[in-house]
Amino acid sequence: MTTIYQKTKGLQDTTLHYCPGCSHGIVHKLIGEVMEEMGIIDTTIGICPVGCAVFAGNYFACDTIEAAHGRAPAVATAVKRTHPDQPVFTYQGDGDLASIGAAEIIHAAMRGEKFTTFFINNAIYGMTGGQMAPTTLIGQRATTAPGGRTKEQAGEPVQVAEMLSTLKGLVYAERVCVTDIPHLNKAKKAIRKAFEKQMAGEGFTFVEILATCPTNWGMGTAEANKWLMDNLAAYYPLGVIKEV
Amino acid sequence: MKREIWKGSEAIAEAAIRAGCRCFCGYPITPQNEIPEYMSAKMPAAGGVFVQSESEVSAINMVYGAAASGIRAMTSSSSPGVSLKQEGISYMVGAELPAVIVNIMRGGPGLGSIQPAQGDYYQATRGGGNGDYRTVTLAPANLQEAVDLMFDAFDIADQYRNPVMILADGLIGQMMEPLVWKEHKPRNLPPKSWAADGRKGRDHNNFITSLLVEAADCEAHNRCLEKKFQEMEDKECRWEEIMTEDAEVLLVAYGTPARIAQTAAEHLRKQGIKAGVFRPITLWPFPARRLREIAEQRSVKVVLDVEMSLGQMLDDVKLAIGECKPVRFYGRVGGSIPTVSEVEKAAAGAYEEVK
């Protein structure tokens, strides 16, 4: 019998807790596949965020460390510097990275820390139940912006990949999504490239993944995918933002 | 052994490197800047990592990362900076990670002053972060003890997988004193098989976390931590007794005020008042049982607690002694240091009052 498909060894053999239609599971799988293909499951150290991916250490097959909210880049800084030959990544959502952890991600990029950050941007707080994030679009409804975000009240959403790309320590930033197979393949390539550039010692590498949150967006899964392409991808353009 | 003159903060940094610390992350704040400065110069040659972090919050989380991946790690700061580290300390206790935090205390609250103080006793011994937790808190009174305790601090942290705090007032950090580098006999410590340092053939992944979403699991975890805290209380208590055998006035003080109290006690004895000093070296666990025993001695008429605070250790002193002897307090705050004559006067006054 031939094996048509096999779950990647980069993930543990367990059930994910994510909601139907959420992008986290797909992104986990892509990172797991890249780790397996690169043969780095045994050496990689992953840093998990606070947010929906707080349990990622139960899913990734590599060693993992759960960080305090927003602090993953600080944790990763010391892990990478004390283990310079091993791949290190942080996996962070938009509340974690762009809000409470803004200082940590900016300074890690500024220092050119040689780890990779996977930034899951679904423009909302998922785990706490749909509050406004720094990435929530103008007009997008959230439980703390019931009438939709306004510029007057909350300013305009932050384009993190572009902001970090102004820093010299960042050598690679790409924004991807996983809404269909062609985009998913691009996302996987970006994940691999980030790991490769990290291990070549080039500097800080950053992959922003536009992600769906059907539960907190109040949409079906297909509708969420469409909303992402029509709205999120319009404000947060896909593609390579910076490559040195 | 050769006696060398060292500055406090630099001696503490050197001791940490000699104790095997291989990752230091810190942020500048007076009066402890010599620690990160020394580390930046010496840590690379020791094969370790030095990072000047963007904040105290980041520094403690870097230490969390190094500790989680099996490296002996440390951060240092002074009072307002240590407040910012409380989140990370709580997480380290929760995730059972060993590390050393040095607090060279200055005046508070808020920005306070940059002179020596002891206003962070509550924060250190009660746990300034969230949750039920304890950290062994070591309070050196001179530079020899400061460097000796650094070796113990890393060993205690590793043995219990719990952060350890060195709580020293600004005088310990800033003054110069002679010291000798003693041979340290390391404890027999278990291997860090729990560390998230890459699986390298291990049949499972190591996942460092402090999250237990189910109440029953979180309670069970707390019970495990409680057992460790109890073991620390049983095994790690330290103190010094100075002229306490026949003391009528028992002075209780830690850090620099203990030295001032000792000189005051010597003066009082010349004046005919038998004074002695009980000096806690571990503030948590607090050497309550021994303090109680001494206070119960028939000779002891009154206990005088001396601090560079408004009376924080005083709570522990009263808890230990109860109603068995009267307890009085003398403190200076905000960066002011009690003088020997002030302590003498306070002790003599307390003695006269109860005689």
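Predicted model: local features only at pLDDT ≥ 70, side-chain atom pairs only at ≥ 80, totals over all residues.
Apart from residues up to four places away in sequence, A:Asn122 touches A:Asp94, A:Ala211, A:Thr212, A:Cys213 and A:Trp217.

The contact between the two chains takes 35 residues from chain B and 35 residues from chain A. About 2,600 Å² is buried between chain B and chain A, and carbon and sulfur atoms give 59% of this area. Three salt bridges are found across the interface of chain B and chain A. A salt bridge joins the side chains of A:Arg71 and B:Glu87, with an N to O distance of 3.0 Å. On the side of chain B that touches chain A, at least two residues each are supplied by β3 (49-52), α3 (56-68), α5 (86-95) and β9 (207-208) of chain B. The largest share of that side comes from α3(B), which provides eight residues.

Within chain B, five strands form an open sheet of mixed pairing, in the order β10-β12-β11-β14-β15. Its edges are β10 (239-242) and β15 (327-331) of chain B, each of which pairs on one side only. From one strand to the next, the twist averages 20°. Strands β11 (residues 249-252) and β12 (residues 275-280) of chain B run parallel and are joined by four bridges. In this part of the sheet, B:Val249 stands opposite B:Ala275 of β12(B). Helix α13 (residues 340-354) of chain B lies across β11, β14 (302-307) and β15 of chain B, and runs at about 155° to β14(B).

The loop between β14 and α12 (313-321) of chain B contains B:Ser309. This serine is buried, with a relative accessible area of 2%. The side chain of B:Ser309 makes a polar contact of 2.9 Å with the side chain of B:Glu307. A polar atom of the B:Ser309 side chain also lies 3.0 Å from the backbone nitrogen of B:Gly311. With neighbours within four places in sequence left aside, the residues in contact with B:Ser309 are B:Gln118, B:Gly119, B:Phe329, B:Gly331, B:Arg332 and B:Val333.

Helix α1 (residues 8-18) of chain B is largely enclosed by the rest of the structure, because nine of its eleven residues are buried. The buried positions in α1(B) are B:Gly8, B:Ser9, B:Ala11, B:Ile12, B:Ala13, B:Glu14, B:Ala15, B:Ala16 and B:Ile17. After α1(B) comes B:Gly20, which has a positive phi near 100°.

Definitions and conventions: Residues numbered from 1 in each chain as written. Chains lettered and ligands numbered in written order. Heavy atoms only, no water. Contact = heavy atoms within 4.5 Å. Pairing = 2+ DSSP bridges. Axes fitted to C-alpha atoms, helices over the stretch in contact; angles between N-to-C directions. Buried area = accessible area lost by both parts, 1.4 Å probe. Salt bridge = Lys/Arg side-chain N within 4 Å of Asp/Glu carboxyl O. Buried < 20%, exposed > 50% of the residue type's maximum accessible area, 1.4 Å probe, protein only. Polar contact = N/O pair within 3.5 Å; in protein donor to acceptor, adjacent residues only side chain to side chain.
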